[in-house]
Amino acid sequence: MKRAVIPHLIGLFPLGMMSFFFLAPLAFMVVVSFYERDPLGFYNVAFVWDNYAKFFSSFYYTVSLRSLWSASLGAVVVVLLAFPAMYIIVDMSRRWQLFWVILLLSLMCLSEVIIGFAWLILFSESSGIPKFLGWIGLWEDPDSLSPSFGAMLTGFVTLGFSLVALMFFPQMAQRDRSIEEAALTLGTPPARVFSKVVLPNFLPAIISSVVTMFVYFLGVFVMPTMLGRPQDWNMTVIITDKAVGDANMPLGAALSVIMLAFTLIIICGLLLGSRRGRVQT
Amino acid sequence: MKLRKSNIVAAGFLTVSGLAVAAEEITVSAWGGFFEETLKAEIYPAFTDETGITVRSIAQPADQAWMTQLTNAARAKTAPSDLSLVADEVFLRGQSIGLWAKLDGSEIPNTATLLDGFTKIDDDDTLRAVGALSWYTTLVTNSEAIPDAPETWADLWTRDWDGKLGLTSNANSGLMEATALTFFGGYEVMETREGLEQVIAKIAELKPKVQLWYRDEGQFQQNLEAGELTGGLYYHDVTMLSAANGLPVVSTFPKEGGILGDAYWIVPRDSENVEAAQKFINYMIRPDVQAQLARKLGVAPVAQRETMDLTDEEFSAVSSVDTPIRPQTHIHLREGDWLSDKYLEMISQ
């Protein structure tokens with residue numbers, strides 16, 4: 001009996017950490033989301049559904065659909081770009097592999113704000129890509145490319161690219177190449193090997209990285225405000241506006257709880273779907 | 001009152017200079033950036049020389065975010081600073097929940113030379129805030145892109161801005177008031193929600209012309225100076241300083257008037273340095289210091305015109321004799337949540 005106590009105690013450690021860093025703030029957020037807003041001050045302790053009711057106005061509804069759209073599009077694009085890039089990199093010589101990995105790691109050190117500013121300058125009419133295109137004669141009357149949805153998405157991709165690429169790296173470098181070689185010697189064209197052998201093997205990794213990026217992009221604040229138009233602002237921006245800007249903590253908390261529920265439902269759906277898909281094949 | 005013990009160097013200095021008081025320190029917060037930097041470099045040192053009170057200057061964020069911090073701090077019974085520069089709306093919101101300390105009017109005799117309405121006395125006859133400065137928001141343009149400066153607020157709607165206007169993303173910038181005055185004959189239209197919706201719909205007509213709905217002032221200023229934006233709504237004072245530095249920007253008072261906002265000095269409730277803070281306020285509103293503020297910061301003074309030694313030229317550079325457009329703070333307070341939702345909805349759809 002005594003021996004069984006110690007593993008249980010060890011199990012308490014992650015529970016304690018989770019409660020302290022995640023569950024307690026979350027519980028507080030849920031509690032605040034039911035408080036009553038005091039327009040002149042802060043909030044009054046109460047139990048009201050008003051804050052949740054506000055979400056079901058068309059405006060918040062549109063914004064949340066919009067954030068889901070931009071986050072999922074960003075996630076798919078970044079994985080579509082990073083996966084083939086890594087596929088090529090792991091076949092390079094050791095020295096070049098090291099070069100790319102170091103480059104990707106250093107890209108991760110850049111803060112969101114720095115990346116945002118860099119793109120802001122590159123997209124500007126007076127000093128960036130538009131000016132260059134005008135100079136070489138490809139664009140007659142160059143205009144600033146930001147703020148726009150495309151600029152915001154570019155920011156998303158820059159943020160997520162190194163993360164996704166490095167997530168694929170170990171698995172891809174150590175993959176069993178004998179299956180691909182067998183397919184090639186049996187006369188399968190390389191493009192078909194990629195689509196029929198490599199991709200299915202990496203499907204779980206691809207799905208999990210898409211989900212990770214989706215969640216990451218849902219919470220991005222700087223890129224939409226810096227590079228996006230007001231039409232592109234996501235729920236995170238609106239929550240910040242409400243909670244910090246208008247000091248409306250209860251509404252900010254309620255919107256956060258709703259977004260959290262949305263995210264959980266989508267992740268569960270995707271993971272369940274991918275698991276079922278694997279069982280069938 | 002808590003006196004901060006001086007360190008050895010300061011004590012030595014004070015002994016030499018023959019002052020009998022112990023060194024006091026107050027923390028003063030003002031809007032971060034150019035404002036706070038200029039106050040710290042140009043205005044506070046003279047106050048320290050005169051009174052021996054050292055000023056620790058800190059930057060405060062935009063009004064609403066600062067209000068949130070002040071409220072949170074008050075809940076924890078602390079004060080983030082001993083003095084703070086706040087806009088009208090923040091002052092009123094803070095007053096309604098008792099965020100500000102009581103001030104003793106007899107300790108601030110220079111209020112006698114202030115313009116009317118700049119001493120804020122609450123229902124209990126207690127002084128809660130004293131005017132600090134006023135600032136104008138006007139129509140600003142890049143003179144290379146727009147050679148003829150605009151004349152009226154209606155120019156926003158009628159002129160060709162090449163789709164490169166910059167406007168603020170919040171409802172209380174004064175644009176609503178300017179729109180009401182220009183197109184609806186006055187502020188009365190803003191008294192009802194239907195009226196406010198009409199004003200917002202009028203502003204929505206500008207959307208195709210607007211490239212940047214800014215929340216960060218620096219971004220607007222940078223883009224205007226670089227010619228990425230052709231014009232927009234911005235602070236008169238900062239624009240005048242940029243123009244003086246040779247940048248191609250112009251600030252114009254439209255014929256309906258510039259938008260005039262007021263800032264007040266308040267002492268957070270839990271500050272322990274109220275007496276030193278009162279000395280500070282008394283210094284900052286003195287006519288000669290008000291004139292200094294006009295010269296160095298380009299803000300409109302709150303002291304009576306005749307008490308200051310500003311020349312006509314200096315005065316007209318920072319202010320205007322025309323009736324200004326006044327933010328309808330009572331409407332923004334009453335309809336705050338509804339209005340900010342409607343406005344956000346308008347710009348983001």
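## Nonpolar core

In this predicted model, the largest nonpolar core has 143 residues. Those with the most contacts inside this core are Val78(A), Phe156(A), Tyr264(B), Trp265(B) and Phe280(B). Helix 7 of chain A (residues 149-173) supplies the largest share of the core, ten residues. From chain B, at least three residues come from each of domain 1 (8-134 + 265-311) and domain 2 (136-260 + 322-347). In soluble globular proteins, nonpolar side chains tend to be buried together.

Leaving aside residues up to four places away in sequence, Val78(A) touches Phe156(A), Val157(A), Gly160(A), Phe161(A), Val164(A) and Met213(A).

## Contact between chains A and B

The contact takes 20 residues from chain A and 25 residues from chain B. On the side of chain A that touches chain B, helix 11 of chain A (residues 235-245) gives the largest share, three residues. By class, this side of chain A has nine nonpolar, eight polar and three charged residues.

## Helix packing in chain B

Helix 6 (residues 175-183) and helix 7 (residues 193-204) of chain B pack with their axes 10 Å apart, at an angle of about 95°. Because angles of 65 to 115 degrees count as roughly perpendicular, helix 6 of chain B is described as roughly perpendicular to helix 7 of chain B.

From helix 6 of chain B, the residues in this contact are Leu175(B), Met176(B), Thr179(B), Ala180(B) and Phe183(B). They meet Val199(B), Lys202(B) and Ile203(B) in helix 7 of chain B. The residues of this helix contact divide into six nonpolar, one polar and one charged.

Methods:
Residues are numbered from 1 along each chain as its sequence is written. Chains are lettered from A and ligands numbered from 1 in the order in which they are written. This is a predicted model: local features need pLDDT of at least 70, side-chain atom pairs count only at pLDDT 80 or more; totals for chains, interfaces and linings use all residues. Axes are lines fitted to C-alpha atoms, for helices over the stretch in contact, and angles run from 0 to 180 degrees between N-to-C directions. Helices (H or I, at least four residues) and strands (E, at least two) are DSSP runs, numbered from the N terminus. Angles under 35 degrees count as roughly parallel, over 145 as roughly antiparallel, 65 to 115 as roughly perpendicular and the rest as oblique. Two residues are in contact if their C-beta atoms, placed from the backbone, lie within 7 Å. Ala, Val, Leu, Ile, Met, Phe, Trp, Tyr, Cys and Pro count as nonpolar, Asp, Glu, Lys and Arg as charged, and the others, Gly among them, as polar. A nonpolar core is a set of buried Ala, Val, Leu, Ile, Met, Phe, Trp, Tyr and Cys residues joined through C-beta atoms within 7 Å. A residue is buried if 20 or more other C-beta atoms lie within 10 Å of its own, exposed if 12 or fewer, and partly exposed in between; C-beta atoms are placed from the backbone. Domain bounds come from an automatic or database domain assignment.
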